[in-house]
Amino acid sequence: MMRQRAVKLMKIFAVILAAGGLYALFYLKTGIGIPCMFRLVTGLKCPGCGVTHMCAALLHMDFKAAWESNPAIFSMLPAGAVLFVYTVYVYIREGRWPGQRWYNIIIGVMIAVMTVFGVVRNLT
């Protein structure tokens with residue numbers, strides 16, 4: 001059963017990686033990215049605005065530009081990576097979503113940080 005879950009995840013990750021890679025190539029060649037619907041409708045920046053620029057900067061190893069594009073998400077990348085790896089591990093081993101208290105607290109803190117960041121970035 002663990003092997004089936006691992007294979008299923010590898011197929012999903014392959015599709016996501018291929019789509020992300022194609023989007024990255026398209027963006028890097030044309031400069032055209034997916035517009036933020038929240039910003040188009042309200043004129044305000046959402047907490048995720050700047051992620052495409054951040055990822056492009058990271059592909060060029062330009063950490064300063066990545067930070068300037070979206071400092072909240074950039075600063076949470078290490079914690080997000082650890083949570084991602086742990087989630088995959090638990091799913092493959094046990095077939096469930098991690099439900100530990102510490103895990104849920106970290107997710108909650110990350111959501112709170114993004115919410116506060118989304119408000120503060122539009123006040124300045």
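Predicted model: local features only at pLDDT ≥ 70, side-chain atom pairs only at ≥ 80, totals over all residues.

**Entry 1: helix H6.** I checked the length of H6 first. It runs over residues 101-123, and its 23 residues should span 33 Å at 1.5 Å a residue; the end C-alpha atoms are 33 Å apart, so expectation and model agree. Then I asked which residues of H6 are buried. I got Tyr 103, Met 110, Met 114, Phe 117, Gly 118 and Arg 121. What covers them includes helix H4 (63-69) and helix H5 (71-94).

Entry 2: As a general reminder, nonpolar side chains tend to be buried together in soluble globular proteins. I also listed the contacts of Met 114, leaving out residues up to four places away in sequence: Pro 47, Gly 48, Ala 72, Ile 73 and Met 76.

**Entry 3: Val 120.** Still on H6, I looked up Val 120, which sits in that helix. Its relative accessibility is 42%, so I logged Val 120 as partly exposed, the class between the 20% and 50% cut-offs. Val 120 and Pro 47 are 73 residues apart in sequence, yet I get 9.6 Å between their C-alpha atoms.

**Entry 4: Thr 87.** Buried or exposed, I wondered about Thr 87? With a relative accessible area of 13%, under the 20% cut-off, Thr 87 counts as buried. Thr 87 belongs to helix H5. Beyond four places in sequence, Thr 87 touches Trp 97, Pro 98 and Tyr 103.

**Entry 5: second largest pocket.** Thr 87 turned up again here, in a lining that also includes Trp 97, Pro 98 and Tyr 103. I have the volume at about 190 Å³. H1, H5 and H6 are the elements that give two or more residues to this lining, and H5 gives the most, with 5 residues. By class I count 10 nonpolar, 1 polar and 1 charged.

**Entry 6: largest pocket.** This one comes out at about 670 Å³. I find 29 lining residues, with Tyr 23, Gly 50, Val 51, Thr 52 and His 53 nearest the centre. Helix H1 (2-30), helix H2 (37-42), helix H3 (51-59) and H4 each supply at least two lining residues. H1 has the largest share, 8 residues.

Conventions: Residues numbered from 1 in each chain as written. Heavy atoms only, no water. Helix = DSSP H or I, 4+ residues; strand = E, 2+ residues; numbered from the N terminus. Expected span 1.5 Å × (residues − 1). Buried < 20%, exposed > 50% of the residue type's maximum accessible area, 1.4 Å probe, protein only. Contact = heavy atoms within 4.5 Å. 1 Å grid on protein atoms, 1.4 Å probe; cavity = no way out; pocket = protein on both sides within 12 Å on 5 of 7 lines; lining within 4 Å. Points joined across faces, edges and corners; volume = space filled by probe spheres on them. Nonpolar A, V, L, I, M, F, W, Y, C, P; charged D, E, K, R; others polar.
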